[in-house]
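I opened the model to look up its salt bridges and its nonpolar cores. My entries follow the order in which I checked them.

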Amino acid sequence: MGILKRAIAKNASVVACAIDATDIVSQIESIHQTSAVVTAALGRLSIAASMMGYGLKSENDSVTLRVKGNGPTGMLTAVADSHGNVKADVEHPVVEIPLNAQGKLDVGGAVGNDGTLSVVKDLGLKEPYVGIVPLVSGEIAEDIAQYFATSEQTPTVCGLGVLVNPDLSVKVAGGYLIQLLPFASDACIDTIENNLKSMPPVTTMMTQGMTAEQIALRLLDGLEPNLLDESEVAYHCDCSRIRTEKVLAALGEKELTNLSEEGKPIEVCCHFCKKIYTFQPEELKAMALQVAGNHTDEA
């Protein structure tokens, strides 16, 4: 379980969200067997998705973040629900590249800085909201801030961090989002900027034992902050056999019939949790008949 906390300034002009996502990113590494730099990249994207998902209003809302850069990781995807639960996937889970000039994992090099970040919000409307921005650095946090500034016109500061042990396990992982509302004063902005100048990186604060609540309140130090709300968040995949059947049904009657006539069971693996669903030939045949029946009814 991860812990997400939100704090708000006394005058309600700025909100800060912070999350301890160590368990979530540990699960990402375990499921996807990622190399260190990919754990950091996919972890950062998932942390951002969790905080953005938690900001959604309705129970069934969700947000999908996709980063497609020109680096060797290929596409990275993170999906979060309105509770902040998240699932993630990456095209190439194992990437080995040198450390960056600061001696740290080169997330920007792995992701690439030429490409796009797309944000898809499913808010229960006819069409989802889609925002696409060019990548700034591929380091993820700057790209998230750029998205908010460009697509939602919300001044945002984003900090994300994943510290990976030499054995590839995750030592700490977390992040924060600070969002200014339109009526935030210049004095408020100055206070936030000064707080950020004196704050160590997320992973340093967490390694020193700071909690998500302490980080959220420190971000708003000097603005008389109060804790707004909190949530337990987790890596959660909502795949199911029924959903997988719907995916197979989309193949159409002919393809399902061909698969059933091969006389062998087929396996479908979920990209997000690696769970395998097995379908026997007779099940595939029944699906083909059902698809054919549905087409007849529509006609």
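I began with Asp238, which is partly exposed at a relative accessible area of 33%; buried means under 20%, exposed over 50%, and partly exposed in between, with a 1.4 Å probe and protein chains only. Arg243 is its salt-bridge partner, with the closest N and O atoms 3.3 Å apart. I took a salt bridge as a side-chain nitrogen of Lys or Arg within 4 Å of a carboxyl oxygen of Asp or Glu. Arg243 is partly exposed too, at 45%.

The model is predicted: local features need pLDDT of at least 70 and side-chain atom pairs pLDDT 80 or more, while totals for chains, interfaces and linings use all residues. Residues are numbered from 1 along each chain as its sequence is written, and side-chain values use heavy atoms, without hydrogens and water.

I counted 10 salt bridges in the structure. Next I looked up Lys5, which pairs with Glu230 at 3.0 Å between the closest N and O atoms. Lys5 is buried at 11%, whereas Glu230 is partly exposed at 48%. Glu213 joins these two in a network of salt bridges.

Glu224 and Lys10 form another salt bridge, 3.4 Å from N to O. Both residues are exposed.

Last, I checked the cores, meaning sets of buried Ala, Val, Leu, Ile, Met, Phe, Trp, Tyr and Cys residues joined through side-chain atoms within 4.5 Å. The largest has 57 residues, and Leu117 is among those with the most contacts inside it. A second, separate core of 23 residues includes Val14 and Met199.
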